[in-house]
Amino acid sequence: MSNKSAIVVNALVKSVMTQEGVLTILNGIDLDVKQGESIAILGPSGSGKSTLLGLLAALDAPTGGDIYLDGESLGALDEEGKAALRKEKVSFIFQSFMLVDTLNALENVMLPAELAGIKDARGKAKQMLDRVGLTHRLTHFPHQLSGGEQQRVAIARAFICEPKVLFADEPTGNLDGANSDKITQMLFSMNKESDTTLVLVTHDLILASRCQRQFMMEDGVLSESTNSRPDITDEVR
Amino acid sequence: MALMLAWRFFKRELFQGQLLLIIFAITLAVLAVTGLASVSDRLQVAIEGQASQFIAADRIIQSPREIDPALLAIANKAGLTQTYVLEFNSMAYAGDKFQLVKVRAVEEGYPLKGQIELSTGQAQGLPKRGSLWFETRLAGLLSQPEHIEIGHANFTLSAEITRLPDAGFNLFASSPVVLMRMADVAKTGVIQPGSRVTYLYQFAGNASQLTAFEMQVKPLLNTSQRWIDVTSGDSPIANAVKRAEQFLLLACLLGIALACAAIGIAAQRYCQRHYDVVAMLKTFGASARQIRILFSVHLLLVTSLGVVLGLVLGIGLDKVISLFLPAEIASYSPSLLRPVLLGTATGLISALMFSAYPLLRLLSIPPLRVIQRQLESANFGMWLHLLLSLMAMGLLGYLYSGQLAMTLTVVLTVLLLGVLLSLLGFLMIKLGHGIGMKTTNPMQLALAGLRRRAKQNAVQLVGFSCALVLLLTILALRQDLLEEWQQQLPDNAPNYFLVNIAPEQKQGVEDYLFEYIDEVPELYPVIRGRLTQINGEETLTKKQVEAGESGRLGIGRELNLTWREQLPKNNQILEGHFNQKPNDVSVESGVAERLALKVGDELTFTIDNQTVSVIIASIRDVHWENLQPNFFMIFTRDTLSSFASTSILSFRLENDKQQVIVGLLRLFPTVSVIDVGAMIAQLRQIIDQVSVSLSLVLGLVIMASALVMMAQTEAGMASRQRELAVLRTFGASGWLLKWATGLEFALLGFIAGVLAVWVSEFSLYLLKTQVFELNVYMHWPWWGIAPLSGAVLVGLLGLWRCRQLLNHSCSELLKGH
C-alpha cells in the first residue's frame, strides 16, 4: 500500500426527485482510499451503498461534492471521458456475475482487453483463466458453468486489464459457503499480487473483515468502523 | 476491434438461436416481396401475352393520321416487331346491291399476336393481292357474290373470316369487315386527303422492350392519338387482369405491412436482449463510438443474412411455382432483377428503419444498469418510432406498387387500425377491473394477469389483431374474387352472340334456336340514339369541355339503347327503382358517375331524327365481365318500341353442335355471329393462373401472421418470466401456472379475434366498395370462428412458451436465464 490516494471523496451528495419531493441518498460523504488498500462498505439494504459504488466508479454523476479517481476529478469529465477512465483504471465484479451469456468463458475475459486495445487479448485471457483454475473451461458458455465458476471467470475478466481500482458489488452474494470461500480467497490473493485498490460493497461481515478498513453506511452517511483491523490478511482464514 | 466483436457476437448468437426471430422476420419480408414480385411478374407477362392475342399485338397506337416516323424508329431501336393496319369505311358493290363495310388493310406481319380463323381453318398468310377475305354475313347481305367493288377496284372474295384476333368485343359493330392487302388500297382511290381513316400501329416484344418503348413514346403522343394495351377499355379480359393485378398489389402491400410489424417486434426484442450487454460494455469503458459501430455492424450482419436467405428462398419459390404452372406460362421468364432489387431494398429499409428507434434506446442504456437493474434507456418518444415505422412502410409500399394513393391508404389504414385496436383493447381489458387476485384458480389468475398488464396487453392485442385482420381480409377477398369469377363464367356461360337480327327475322331465329337448345334466351332490341341534352343543357364532347365551352359533358358518339320490362339478370339497382313510369330510364353506374347524372335528371336523346326526353329512375350496376348483352341505357317499351330496331341475344352451344350455326347462317345470312368461346377459355386460364398466385399470397400472409403472433408471444412471455418464477417459488403448482398463462393468452387471443372480425368486416366493406367492386356481405361464421381460433392459437402458443419456462428451476428463472 502506498501513500498515494487512489480515491478521494469530498462532501459527496446524491439526491433524487421523487413524487414526495427531494430524497437525499448520500449526505456529505468524505473518503480517502490509498493505492493498494482494500475497503469494505457495509450497511443495510437501501442505505446507499450501491449508489456510492456507482458514483465512485464513474457510472453515475453526484448532485454535489467531488470525487478524484487516481488524481483525476470525475466532475471535470464528460461521459466519454468517464468511459475512457473506466477503461484504463477501473474494473468490476458483480453479484450476478454479469457475463455475456452468448460468449464463452475465454471471450468474456477477452472483452475488456479488446475494448482497451490490448494486444494478444486472447493469450492474456487464457493466462487469467489459468490463474483462476479454469483452463479446462475456456470454451464453456456461462450456462454451462456453476455459479462459483462464473464468478471466477468474472474475476479473471476484472483483472485482465490490470486495473488501478476494483469495485466489487456483493461478489459472493449468489454463492454457497464453499464457493464463497474460494472466491474470497482468489479475489484477495489476486488483489494483493496486482496491488489493486479494492472497494467492496457487501453484507457479509466475514468477507468485510478481510479488508483493511471497514465503513458503515447508514441513512446516507458513511462512517468508518472502529474495530478496523488494518493488517488483517490471509492468516485470519 | 468493434468489427471483430460484432462478428463474434453475431456468430455466437446465431448458433445459439437468439437471432432466429429477427432473421426469420427479415427473411419473410424479403421472401414475400421477392417471391411475389417474381411470380406476379411472370403471371403478368403470361396473362398479357395471352390477352394480347385479343388485340393482335402487345401495344397499339391508334391515330387518325400517319404518325411521325420518329416514333416508329424508337420502336425499331427498342427491338419491337411492328406492323400497321389501316381502317376505313367504304361501300361495297355487287351488281345492284351495296353494303357499307369496314375495310382493314393489312401488310405482311399481321397479326403480330393470335391467328385469323377462316371457315376452312386457320389462315396461312394474308389475302392475295386483288382478293379479299370477308365476314360471312357480307355474303348474305350481298346475295353470295364472287366479286365485289370497293371504290375503283374490283376484288375476288376468296375466304370467309370466322374470327379476327383484334375484332374486339364490340357486339354492336354494324358493318361487316373485309380484309385487304395494304398494297391494294391505292387502286381503290377511296383514301383522299381528309378521308376518315384510322391508323393502327401494332407492336410486339418482350416486357422490358415494351416498357422502354412505352416510357419514351407515350409522352410524345398528341391528343388525337391513343395508346392501347390489353388493359385498355372495358373488355372482360382487361377487367380480369386489372382486378387480379390490384389484388396482388394489395395483398403484397399488406404482406409487407405484416412482415414489417414482425420485424418491428423482433427488433425491439433484439434490442431488449442486449440491454445488459451494452451496460456492461459501457462499464468496462467502451466508447459510444465503439458501441455504435458494434451494434450497427451486428444489425447489418443480421439483416444481410436475412436478406440473402429471403432472396434465395424467394427465387426458389418462383422456381417451385413455375413447376406447377402450365408449360406455356412457365416458359415466360421475366428478369429477376426487379424482384431481387425490391427484395433487397425491403430487407434493408424495413430492418434498419424499424430497428432505428429500439437501437437508439439500446445505445442510451446507462452503465449504472449493472448495479441498478431496473434502469431502462432514455425514452425518445413513441412518435419518433411511429414516424420511422410508417415512413418505412410507406417507402416500401411505394417502391413496390408505384401507386401513391394505394400505399397511403394502406399506411393510414394500418395506423388507424393500430390506434383503434389499442384503444379498444385497453378498454376491454380495463372492463375486467374488480376481478380478484385469488391465485388458486387458473381462470382468476389469468384475468388478474390480463388486468395487471393492461397497457402491455393492449400492445400485444394490436399485434395479434393485426395479424388476424389481414389474414381474414386476404382470405375473404381471395374467396370472393374466385367465386365471383366462377359465377360470371359458369359452365353454361353463353359462348355465341347473335347480332343485327332484323325485326322480321326475330321469330324465325327464335324458332330455329328452339329446335336445338333447351332454353332460348331473350332478345334485346337495339336502337341507335345520341344523348343531346342533360336537364335541358346541351351536351358537349370532352374536347369542347376542355376548351371551356359552356354545357354538360356528354358521350360524344351514338349509343346502343334498349328497352326492357324487367331488370336484366346480373344487373343490380344501386339507386332508385327500375323503370315504372313510361318515360323512365335506367342508367349504368359508370356512365352516371362520368357524366355526373343522378336519379331525377332529365335526359334528351335524338333517335331517328326525333327528340325523346326521359327521366332517370334508377342507377344500375352492370358486370361487364359477364357475357350477356349489357347496355348503358335501358328505356321502357313505351318510349322505344315505335322505333326501328335490330335485336341481339346470347346463348350456349356445345362444341359438337357447330352445324347449328352453319344452318342458322344459311337461313339468316345477314345475322352476325360472334363466337366468344375462345375468349371464355382464355378468361378461365387467366383465372386459374391468378388462383395460383392468390393461394401463394395467402400462404405468405399466413406465415407472416404466424410470425407476428410468435414474436408477440415471445415479447409477452419475457415480462411474465419473473412473475412465473415468483409464483413458482411460493409453491404455485406447474399445472396452475401453465393453465393460468395458457388461459391469459387464450383470452387475449379471443379478444383479438373479436376485434379482428369487426375491423376486417369494416375494411372488407371499404375494399369491396372502393377498389374491387364486389358484393358486400357479412361473414357470419367468422364471428364465431375467429375469436375461438384466436383463443386456441394464441393460448397454445402461450402454453408452449410457458412449458419451456417452467422446465427451468426457480433460481434460473429468477436470475433471468
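Predicted model: local features only at pLDDT ≥ 70, side-chain atom pairs only at ≥ 80, totals over all residues.
Let's start with one helix: in α8(B), the buried residues include V277(B), V278(B), A279(B), M280(B), L281(B), K282(B) and T283(B). Residues are numbered from 1 along each chain as its sequence is written, while chains are lettered from A and ligands numbered from 1 in the order in which they are written.

**More on α8(B)**
- This helix is mostly covered, with 7 of its 9 residues buried.
- Just after α8(B) comes G285(B), which takes a positive phi of about 90°.

**Where the two chains touch**
- Chain B puts 27 residues into the contact and chain A puts in 26; two residues are in contact if their C-beta atoms, placed from the backbone, lie within 7 Å.
- On the chain B side, α1 (2-15), α8 (275-283) and α9 (288-324) each supply at least two residues.
- The most comes from α8(B), which gives 6 residues to the side of chain B that touches chain A.
- Sorted by class, that side of chain B has 13 nonpolar, 8 polar and 6 charged residues.
- Here Ala, Val, Leu, Ile, Met, Phe, Trp, Tyr, Cys and Pro count as nonpolar, Asp, Glu, Lys and Arg as charged, and the others, Gly among them, as polar.

**A helix pair in chain B**
- The axes of α11 (residues 337-363) and α12 (residues 382-401) of chain B come within 8 Å and cross at roughly 175°. Axes are lines fitted to C-alpha atoms, for helices over the stretch in contact, and angles run from 0 to 180 degrees between N-to-C directions.
- That makes α11(B) roughly antiparallel to α12(B) (over 145 degrees; under 35 is roughly parallel, 65 to 115 roughly perpendicular and the rest oblique).
- Among the residues making this contact are L342(B) and F354(B) of α11(B), and L388(B) and Y400(B) of α12(B).
- By class, the contact has 15 nonpolar, 4 polar and no charged residues.

- Chain B has 24 helices and 23 strands, and chain A has 7 helices and 10 strands. Helices (H or I, at least four residues) and strands (E, at least two) are DSSP runs, numbered from the N terminus.
- Of chain B's 817 residues, 42% count as buried; for the 237 residues of chain A, the buried share is 48%.

Methods. Buried ≥ 20, exposed ≤ 12 C-beta atoms within 10 Å, placed from the backbone.
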